[in-house]
Amino acid sequence: MTDETKTQVEWLGVDILEIKRVLDDNSDVFQPLGDSTNPDKHTRFLSIADLTWQVWYHAMAVHHLILQELEPPLLAVQRALFEAVTNLIYL
């Protein structure tokens with residue numbers, strides 16, 4: 001299958017794997033999460049990291065639920081994804 005013929009669902013599956021590859025290749029990005037010398041900065045980093053994981057997990061759930069054609073739970077997960085992205089943008 002060429003890139004031009006991939007569906008949005010297939011692209012989402014590619015993106016999920018790419019996020020994992022980028023995180024594996026850049027594990028040093030997590031070092032600030034262990035630095036608790038500045039509590040305010042530490043809390044902000046942890047909140048951003050938590051929301052980022054939520055977005056990634058929700059994206060994986062959306063991909064799976066679309067493939068399984070499970071629309072009612074898909075709508076709930078999409079709402080949770082929207083809320084996580086909105087909170088992440090706010091921070």
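1. Let's start with a term: helices (H or I, at least four residues) and strands (E, at least two) are DSSP runs, numbered from the N terminus. Keep in mind that this is a predicted model, where local features need pLDDT of at least 70, side-chain atom pairs count only at pLDDT 80 or more, and totals for chains, interfaces and linings use all residues. Residues are numbered from 1 along each chain as its sequence is written, and side-chain values use heavy atoms, with hydrogens and water left out.

2. Now the salt bridges (a side-chain nitrogen of Lys or Arg within 4 Å of a carboxyl oxygen of Asp or Glu). The whole structure has four of them. In one, Lys20 pairs with Asp24, with the closest N and O atoms 2.7 Å apart. Lys20 and Asp24 sit about one helical turn from each other because they are four residues apart in helix 1.

3. How open are these two side chains? Lys20 counts as partly exposed because its relative accessibility is 41%, and Asp24 is partly exposed too, at 48%. The scale goes like this: buried is under 20% relative accessible area, exposed is over 50%, and partly exposed is in between (1.4 Å probe, protein chains only).

4. Over in helix 3 (residues 71-90), Glu83 and Arg79 are four residues apart, so about one helical turn separates them. Their salt bridge has its closest N and O atoms 2.9 Å apart. Glu83 is partly exposed at 38%, and Arg79 is partly exposed at 49%.

5. Next, have a look at the largest pocket, which holds about 330 Å³ of space. Its 17 lining residues include Leu23, Phe30, Ile48, Ala49 and Thr52, the closest to its centre. On a 1 Å grid over the protein atoms alone, a pocket is an open set of points where a 1.4 Å probe fits, with protein on both sides within 12 Å along at least five of seven lines; lining residues have an atom within 4 Å of a point. The volume is the space filled by probe spheres set on the points, which are joined across faces, edges and corners.

6. Where does the lining come from? Helix 2 gives the largest share, eight residues. Thr52 is in helix 2 (39-67), and it counts as partly exposed because its relative accessibility is 40%. Thr52 and Asn87 are 35 residues apart in sequence, yet 9.9 Å apart in space, C-alpha to C-alpha.
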